[in-house]
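Dear colleague,

I am handing over the structure that we spoke about, and I would be glad if you could look through it before reading my notes below.

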Protein chains: 2
Amino acid sequence: MTTPTLLPHHDGSPLHVSTQTPALGELVRVRLRVPADYPALRAVRTLSNPDHEPAWTEATELGTADGWTWWEAPIVVRNRRHGYRWLLVHESGRVEWLNQAGLSDLETRDADDFALIAHPAPPEWMYDAVMYQVFPDRFARSAAADRHPTPDWAIPATWDEPVDPVMPGRSQQFYGGDLDGIREHLDHLVGLGVNLLYLTPFFPAASNHRYDASSFTSVDPLLGGDEALIRLVEAAHERGIRVIGDLTTNHSGDRHEWFQAALGNPEAPEGEFYYFTDAAHTRYESWLGTPTLPKFNWASPGLRRRFIEGPDSVVAQWLKPPFSLDGWRIDVANMTGRLGDVDLNAEVRQLTRQTMIETNPDTILIAEITNDASGDLTGDGWHGAMTYPSFARPLWAWLCEPTGEPYLTGDGQERTEPWFFGQPVGGIPRYDARQFVGAVTRFTAGIPWRVRLGNMQTLDSHDTARFATNAPAEV
Amino acid sequence: MTTPTLLPHHDGSPLHVSTQTPALGELVRVRLRVPADYPALRAVRTLSNPDHEPAWTEATELGTADGWTWWEAPIVVRNRRHGYRWLLVHESGRVEWLNQAGLSDLETRDADDFALIAHPAPPEWMYDAVMYQVFPDRFARSAAADRHPTPDWAIPATWDEPVDPVMPGRSQQFYGGDLDGIREHLDHLVGLGVNLLYLTPFFPAASNHRYDASSFTSVDPLLGGDEALIRLVEAAHERGIRVIGDLTTNHSGDRHEWFQAALGNPEAPEGEFYYFTDAAHTRYESWLGTPTLPKFNWASPGLRRRFIEGPDSVVAQWLKPPFSLDGWRIDVANMTGRLGDVDLNAEVRQLTRQTMIETNPDTILIAEITNDASGDLTGDGWHGAMTYPSFARPLWAWLCEPTGEPYLTGDGQERTEPWFFGQPVGGIPRYDARQFVGAVTRFTAGIPWRVRLGNMQTLDSHDTARFATNAPAEV
């Protein structure tokens with residue numbers, strides 16, 4: 001037996017799968033490539049799991065080209081997530097299994113199967129997206145920004161003033177960037193090769209991050225209002241840049257018009273939109289116990305209608321002209337619809353996507369799932385995730401060289417231990433290249449190929465330190 | 001750094017978890033033990049995932065005894081399956097994670113977490129059950145068996161005649177064992193240490209295995225009828241042996257009274273119990289395309305009421321006196337409620353268990369899930385599974401010495417390749433002890449401890465060859 005330098009390979013790409021958009025009942029051809037100098041194989045088979053019962057197909061050897069021997073097998077798609085794995089039977093009698101976690105001499109688990117997805121597909125453009133994230137308060141000020149009044153919650157800052165990491169400045173320090181400011185710098189993004197602009201929330205709120213929306217029906221006047229968004233999206237589209245917004249489906253701000261209508265008013269129809277915990281509707285569930293962020297109760301049909309269901313919903317409104325957004329990033333998608341005994345997450349993501357398809361199918365839906373995202377990435381709603389363990393965290397662990405420079409936390413404590421995504425693990429772990437691959441593989445093995453391609457491969461985000469803070473000079 | 005011979009350990013047992021029956025909102029104390037000569041730890045923490053958002057707790061060092069240093073941490077149960085893992089921060093800065101898959105220097109996935117289960121608990125006796133499976137046609141004939149008429153479907157066999165492995169004999173060869181025959185041999189089971197008797201189906205049917213029931217409301221007269229079951233259960237209980245039955249929730253036989261009422265009769269209320277595929281109700285979905293086993297449609301409220309919901313359901317009827325069964329094994333649980341776009345499996349298992357709790361909570365519910373069972377074993381319904389990849393298959397692969405003796409398949413083909421659970425992998429794989437442990441770990445890592453304890457640790461079953469066929473003499 002030789003020791004091959006390459007290993008048998010399969011993934012969900014067009015080279016290996018006959019269609020990226022299979023339908024239920026469709027016969028799909030899947031192809032495995034095996035290094036030509038790999039030990040001889042007696043048979044290659046696929047094992048699927050339709051309706052959770054094993055089903056096998058035989059692969060046929062197609063031939064050898066460019067050092068690879070190709071095998072092809074038919075699979076009929078029986079479920080909307082139709083998992084499959086490869087079995088390689090060696091002439092020697094040895095068997096190997098191949099799934100999204102790699103090769104194994106032991107049987108493998110259903111969750112790590114390759115998967116054909118028969119849910120509606122994302123638009124093709126998602127696969128080529130080069131995304132640039134903008135936090136509107138901090139990117140650029142247009143000339144009009146000087147004329148915006150300072151809101152009641154704001155701690156005004158001049159443009160060159162250092163960022164204040166300590167509360168309340170952390171959330172309330174206000175630089176006054178606006179949407180026209182972004183528009184004026186679109187050519188900079190074009191120059192970077194960007195074709196997708198992700199705006200963190202543009203709704204009126206009581207913070208610089210605006211994840212505490214007080215309304216979902218208008219653009220914050222401080223950012224230039226609805227007209228500024230229309231101008232920005234038009235100018236971006238003219239340059240081949242698509243634009244997605246940011247919705248908080250887990251919570252609103254406590255100044256939100258729905259919450260204000262419901263608070264202390266048990267008769268209000270909006271009362272069922274939230275989890276009030278007393279009869280007077282003065283106490284309520286909120287995001288991690290933060291009272292300014294009351295949590296939505298997705299059991300409410302009224303909330304669904306106003307927010308995510310149908311052509312008049314918030315989700316639909318911004319995808320239609322004149323706003324014409326190209327999709328949504330969903331904040332705290334991981335917690336959305338989940339509270340204790342309740343889990344309505346799948347319903348929310350499926351209904352949200354259904355509304356988007358009915359409004360404009362040429363849009364994308366990306367979920368913030370900061371940690372292990374695989375359980376929610378079945379292809380039934382989210383096209384991908386803003387998630388850290390499958391790329392950003394392993395990358396930092398592999399490449400960073402912590403500076404040890406002190407920094408301040410939100411509550412004003414000085415730390416010298418490098419920040420690592422809020423995890424109390426003693427700073428940035430040190431991975432070698434093999435560990436980097438191991439971590440990426442572990443956290444993508446449960447994600448169907450098509451959905452994996454929708455994941456944001458972020459270096460960092462508005463919730464993290466900048467990658468450059470700890471990156472070595474040559475990276 | 002020393003090379004420890006033992007590793008840090010945690011599991012769900014009372015030594016490591018303060019309660020086996022936590023409630024939502026309850027504070028549970030979990031304990032980790034670390035070999036006293038393990039490298040020094042700076043901190044030990046737990047990471048939970050309530051509502052899919054990370055939550056950390058600090059462990060306190062309790063002290064050292066018998067070579068182990070113990071750490072304890074509090075966890076408040078927020079979800080009915082509340083996952084958690086351990087983080088070990090070494091004095092050296094190295095971190096390790098511990099979950100049900102073992103120790104890892106990389107971050108770990110939610111599915112492999114340890115888990116506290118706040119669903120209703122199984123009865124304590126399940127944990128001490130030593131089960132004996134009886135296939136009633138083949139265990140023992142009472143004197144009364146001679147008086148039973150030969151049914152129309154049967155191919156009569158004398159008691160010492162060899163088993164016919166080829167269809168139709170495979171399903172229709174009829175030895176005429178009966179329930180009184182089992183009763184007469186209960187002391188044999190007592191002598192073996194058995195305290196749980198699992199009967200494959202005792203309902204009237206048209207096969208020796210009776211998985212094609214023609215009714216769920218009476219015991220097959222060929223087995224002695226209802227009175228024989230009552231006698232058997234009473235005699236078993238007198239000896240400290242509990243008895244569970246076997247229900248087919250995926251399908252009935254095509255002779256079933258419900259199916260016969262519905263077939264060709266679109267007006268029948270039972271029409272919605274099955275998946276008829278034509279207007280005349282003559283074509284229908286069935287188990288793996290076998291027309292004698294029409295598949296149940298669990299979207300039907302009528303089917304739920306008659307079969308699994310409430311005190312008059314089939315599920316309840318047999319748990320009450322005079323039958324007083326101690327639980328159910330559910331046949332083809334893995335496919336139950338699943339067909340293409342539909343997946344009602346969780347509803348069926350939850351509703352079934354709820355009915356059992358209301359009827360007699362001192363009962364168990366075990367699911368046949370022949371392959372990877374982890375996805376369905378969340379603790380919400382099934383107490384455990386009859387499943388092969390987590391024990392039986394690795395055990396065979398580790399210990400068997402295939403004889404190479406030829407045998408006949410159901411369709412009469414002679415094979416010399418040893419049978420291995422129907423998998424076309426070229427016979428029984430050969431695992432070393434490390435691979436055995438690896439396979440057991442892989443297929444139990446996703447199963448909460450309490451549910452794992454409910455799994456049947458079968459050597460073989462009525463669906464497999466006998467373990468002894470290929471076992472070496474010393475095993």
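Predicted model: local features only at pLDDT ≥ 70, side-chain atom pairs only at ≥ 80, totals over all residues.

Residues are numbered from 1 along each chain as its sequence is written, chains are lettered from A and ligands numbered from 1 in the order in which they are written, and side-chain values use heavy atoms, with hydrogens and water left out.

The contact (heavy atoms within 4.5 Å) draws on 47 residues from chain A and 47 residues from chain B. Together the two chains bury about 4300 Å², 48% of it on carbon and sulfur atoms, where buried area is the accessible area (1.4 Å probe) that two parts lose on being put together, summed over both. In chain A, the residues that lose the most area to chain B are Glu107(A), Arg109(A) and Arg442(A), which together make up 18% of what that side buries.

Between chain A and chain B there are six salt bridges (a side-chain nitrogen of Lys or Arg within 4 Å of a carboxyl oxygen of Asp or Glu), and the side chains of Glu107(A) and Arg393(B) meet in a salt bridge at 2.7 Å, N to O.

Over all chains, the structure holds 66 aromatic pairs, meaning rings of Phe, Tyr and Trp (its six-membered ring) whose centres lie within 6.5 Å, with planes under 30 degrees apart counted as stacked, over 60 as edge-to-face and the rest as tilted. The rings of Trp419(A) and Phe421(A) have planes at 40° and centres 5.3 Å apart, so this pair is tilted. The rings of Phe216(B) and Trp258(B), with centres 5.6 Å apart, have planes at 65°, so that pair is edge-to-face.

Best regards
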